[in-house]
Amino acid sequence: CRQENNVPVLGPANENRGAHIEWMSLLWRDSNEHNTLPEALPFPCQHCERAPCTQVCPVGATYRDVDGITAQIWARCIGCRYCMAACPYSRRSFNWKPAEWDGDMIQMLNPDVATRPRGVVEKCTFCHHRIQEVKEHARVERRAIRDEELRYLTACASACPAKAIVFGDTNNPSSLVSALAKKPRTFRLLDHLGTHPRVFYLKKDRRG
């Protein structure tokens with residue numbers, strides 16, 4: 001995720017405490033079973049249908065796009081951080097410092113993703129640039145987007161060795177992610193708040 005989206009890495013110095021930028025992290029969830037280890041949940045932006053962050057932004061720097069993704073226009077952000085305060089998942093980060101890419105590290109930057117300046121908020125975009133590439137290829141070839149093109153499209157999904165992360169169109173009833181989201185062991189984080197997050201989790205199948 002960091003490499004694909006040019007997420008800056010800050011050192012361990014005390015001056016960087018609380019300033020680290022996280023697009024994807026792990027949320028540890030205690031198991032309900034006795035003497036079992038906690039579960040690690042991938043924790044990106046939840047891309048809510050009713051995203052509180054989009055409702056408080058005074059300049060429209062964050063919004064819900066046609067694909068249902070909570071998008072961010074970094075150049076429009078004025079750094080007020082209202083969106084950070086409104087997000088119940090704390091899934092936004094503020095750039096306290098300009099990103100620094102020393103030496104050969106600058107050659108590792110992904111040219112498809114803009115770097116963000118100091119003073120703006122950033123977050124997971126579901127690798128929007130990859131989605132756009134798939135849409136453009138489908139348009140050139142005059143065909144519909146295939147579910148197989150989306151399943152492991154995001155950087156986190158493509159890198160996961162266990163294929164534990166699946167991406168796709170939940171509005172497509174024949175998609176894999178739509179079928180997974182309809183399973184009885186599906187749950188969503190803080191769904192009682194009415195945010196309708198678009199990230200679904202599956203409880204462990206205890207039958208095996």
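**Aromatic pairs**

I looked up the aromatic pairs in this predicted model and counted four. I paired rings of Phe, Tyr and Trp (its six-membered ring) if their centres lie within 6.5 Å; planes under 30 degrees apart are stacked, over 60 edge-to-face, the rest tilted. My notes give the distance of the centres and the angle of the planes, because a pair of aromatic rings is described by these two values.

I started with Trp23 and Trp74. Their pair is tilted, at 6.4 Å centre to centre and 35° between the planes. I found Trp23 in the loop between H1 and strand E1 (25-29), and Trp74 in the loop between strand E4 (70-72) and helix H3 (82-86). The pair therefore ties together parts that are 51 residues apart in sequence. Trp23 and Trp74 are buried. Buried means under 20% relative accessible area, exposed over 50%, partly exposed in between (1.4 Å probe, protein chains only).

Next I took Phe126 and Phe167. Their ring centres are 5.2 Å apart and their planes stand at 75°, so I noted the pair as edge-to-face. Phe126 sits in the loop between strand E6 (121-122) and H4, Phe167 in the loop between H6 and H7, 41 residues apart. Both Phe126 and Phe167 are buried.

**Ground rules**

I number residues from 1 along each chain as its sequence is written, and side-chain values use heavy atoms, with hydrogens and water left out. As the model is predicted, local features need pLDDT of at least 70 and side-chain atom pairs count only at pLDDT 80 or more, while totals for chains, interfaces and linings use all residues. Helices (H or I, at least four residues) and strands (E, at least two) are DSSP runs, numbered from the N terminus.

**Pockets**

I then searched for pockets on a 1 Å grid over the protein atoms alone. A pocket is an open set of points where a 1.4 Å probe fits, with protein on both sides within 12 Å along at least five of seven lines; lining residues have an atom within 4 Å of a point. The volume is the space filled by probe spheres set on the points, which are joined across faces, edges and corners.

The largest pocket has a volume of about 1300 Å³. It is lined by 50 residues, and Val166, Phe167, Gly168, Val177 and Arg198 lie nearest its centre. Among the elements giving two or more lining residues are helix H4 (128-140), helix H7 (176-181) and strand E8 (201-202). E2 gives the largest share, four residues. I sorted the lining into 28 nonpolar, nine polar and 13 charged residues. Here Ala, Val, Leu, Ile, Met, Phe, Trp, Tyr, Cys and Pro count as nonpolar, Asp, Glu, Lys and Arg as charged, the others, Gly among them, as polar.

The second largest pocket has a volume of about 400 Å³. Its lining has 13 nonpolar, five polar and four charged residues.

**Two residues**

I checked Tyr201, in strand E8. Its relative accessibility is 6%, so Tyr201 counts as buried. The side chain of Tyr201 reaches the backbone oxygen of Pro42 at 2.6 Å.

Glu4 counts as buried because its relative accessibility is 17%. I found a polar contact of 2.9 Å between the side chains of Glu4 and Arg130. A polar contact is a pair of N or O atoms within 3.5 Å; within protein, one must be able to donate a hydrogen and the other to accept it, and residues adjacent in sequence count only if both atoms are side-chain atoms.
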